[in-house]
Amino acid sequence: MAHAELDRLQACLNFALDTLRKEMDNSQLPPLNQHSSVQHPLDDPTAYLPSAALFNARRLSLACLGELKNLIQPPLDKRMDEKFSTYSAASIDTLIKTSIIDYLSDLSNPSEGIPATELASTFGLDSQKLVPILRCCAANGWVRETRDSSFALNRCSRTFVKGHAGRRLNLSTPGFMSVVAAMPRWVTESDWKLSRSPAQTAFQIAFKTPLQRFSWVMQNPQALIPLADHLQVLGDMSTPSIVADYPWEQLETPIIVDCGGGEGGLVSAILDAHPSFQAIVQDMENVVALTSSIMKERRPRDIESGTLKVESYDLFQSQPRIGNEYSFILRHILHDWPDEEASKILIIDMVTIPNVDSTATTSVKSFLMDGDDKHPDYCVPSHFGSASKLVNAYSVHMLSLMNGCERSLREWENLVKGCGLCITNVYALRAHASVIECTLDAQGLL
Ligand SMILES: C[S@@+](CC[C@H](N)C(=O)[O-])C[C@H]1O[C@@H](n2cnc3c(N)ncnc32)[C@H](O)[C@@H]1O
């Protein structure tokens, strides 16, 4: 009997995995190994930029795997899987909070693993609690159970060791779970269920504050550094691709202004690759103090020479830097804000693809975006299937925090048009975000 959908996905997955393997060989990368205790270059997008073909083959593999899972997993299991994934995340949080991760990493033979009882006595914990927590992490591919009730770090959990990207991606900030829990009530029955204000969201309900999220952070300085670090890592995930994939050499302006530029990681990377530019990082007053001290330490010569400036600027006031010597970057800014609040130029953010019925498909050719006609014409959902889960969950996160969202190209076009601008080009990145290039006077693309 023909099993059209299953056959299509199976064939597509085989094709994607064959391509992945070939592209890894072309890039002279070592084989992927779950049992290794050493990070693989592909594990850290902030430090390694895969070839476009490899990036696309991995995304296609993940899309097929996710679609296959959607196809064959019983819905009740799927529901339980999703709900209980909260515990998986909390289990990793526990290993980070206790420093068990760092301890396992510092062992003289980190791949051998040590008994949970030994971990429990070292950290003054109960081994009866630690074993299920560690097994939950193991089931999610984060640690290995090397012998019954003995555990070791694996390749993936290296990212949580102090100083690594996964550790700085502070997703366990206090209050995160209460925002998630407040979201359904906010949307369905709160007084604000029809409000589009960034100060009337699940965030205010969860944090019991009238302040919008960034104003709250300003009033709670202990939250500033962890949030700034988190946002910097989030940005760093697309920085190598932004630097490599946008044609910076064609930019005619000598000065790049990064509006809401946070800790300044993006302009630093652009200046490293294109030292002829000058750059300005603009952000809120308290953030700017942090950015200045980081930049003075990391780029003292650029600060002294004036090549790099850091200045306080409120996004909702008129831009003080006016003139055609400036280009403006807004990375991960507009997704924070609802349309009524967003009104500036040059955008690096995610572009969602409407999640239309997954029978509406696109061919592998366009999915891989490399124009190679030799590819077999397998079909995968046009919204990248399960490879778009992260972007869509992020959209709900932005909604819950600020009444923001991740926008589709059509939605970006509406927003940009409303500001008297037009989209001149969209550059796909080897990352979750894209560069949406806008100008005042050019003819729009769409
Ligand atoms: C999601 S982060 C993006 C940071 C940076 N663009 C990046 O991609 O790494 C949002 C940034 O906007 C800044 N911000 C929020 N409200 C602002 C305002 N009213 N004026 C200036 N900056 C603001 C925050 O401090 C934060 O650095």
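In the predicted model described here, 17 residues surround the ligand, and the closest are Gly260, Asp283, Asp314, Leu315 and Arg331. A nitrogen atom of the ligand is found 2.7 Å from a backbone N or O atom of Gly260, and an oxygen atom of the ligand is 2.6 Å from a polar side-chain atom of Asp283. At Tyr313, a polar backbone atom lies 3.4 Å from a nitrogen atom of the ligand. The ligand taken alone exposes 590 Å², of which the protein buries 95%.

Polar contacts within the protein were examined at two further side chains. Thr291 belongs to helix 14, which spans residues 285-298. With a relative accessible area of 1%, Thr291 is buried, and the side chain of Thr291 lies 2.6 Å from the backbone oxygen of Gly262. Asn33, by comparison, is located in the loop between helix 1 (4-26) and helix 2. Asn33 has a relative accessibility of 36% and therefore counts as partly exposed, since this class lies between the limits of 20% for buried and 50% for exposed residues. A polar atom of the Asn33 side chain is placed 2.8 Å from the backbone nitrogen of His35. Asn33 is also brought to 7.6 Å from Arg155, C-alpha to C-alpha, although 122 residues separate the two in sequence.

The cysteines were considered next. Two cysteine sulfur atoms are assigned to a disulfide when they lie within 2.5 Å, and by this rule the model contains zero disulfides. Cys12 is in no disulfide; the nearest cysteine sulfur belongs to Cys64 and is 3.4 Å away. Cys12 is buried, its relative accessible area being 0%. Cys419 likewise takes part in no disulfide, the nearest cysteine sulfur being that of Cys438 at 8.6 Å. Cys419 has a relative accessibility of 27% and is thus classed as partly exposed.

Ile72 counts as exposed, with a relative accessibility of 60%.

Backbone geometry was also considered. Most residues other than glycine have a negative phi. Asn403 occupies the loop between helix 17 (389-402) and strand 11 (407-408). The relative accessible area of Asn403 is 9%, so that Asn403 is classed as buried.

Note on methods
Residues are numbered from 1 along each chain as its sequence is written. This is a predicted model: local features need pLDDT of at least 70, side-chain atom pairs count only at pLDDT 80 or more; totals for chains, interfaces and linings use all residues. Side-chain values use heavy atoms; hydrogens and water are left out. Buried means under 20% relative accessible area, exposed over 50%, partly exposed in between (1.4 Å probe, protein chains only). A residue is near a molecule or strand if one of its heavy atoms lies within 4 Å of it. A polar contact is a pair of N or O atoms within 3.5 Å; within protein, one must be able to donate a hydrogen and the other to accept it, and residues adjacent in sequence count only if both atoms are side-chain atoms. Accessible areas come from the Shrake-Rupley method with a 1.4 Å probe; for residues, only the protein chains shown count as cover. Helices (H or I, at least four residues) and strands (E, at least two) are DSSP runs, numbered from the N terminus.
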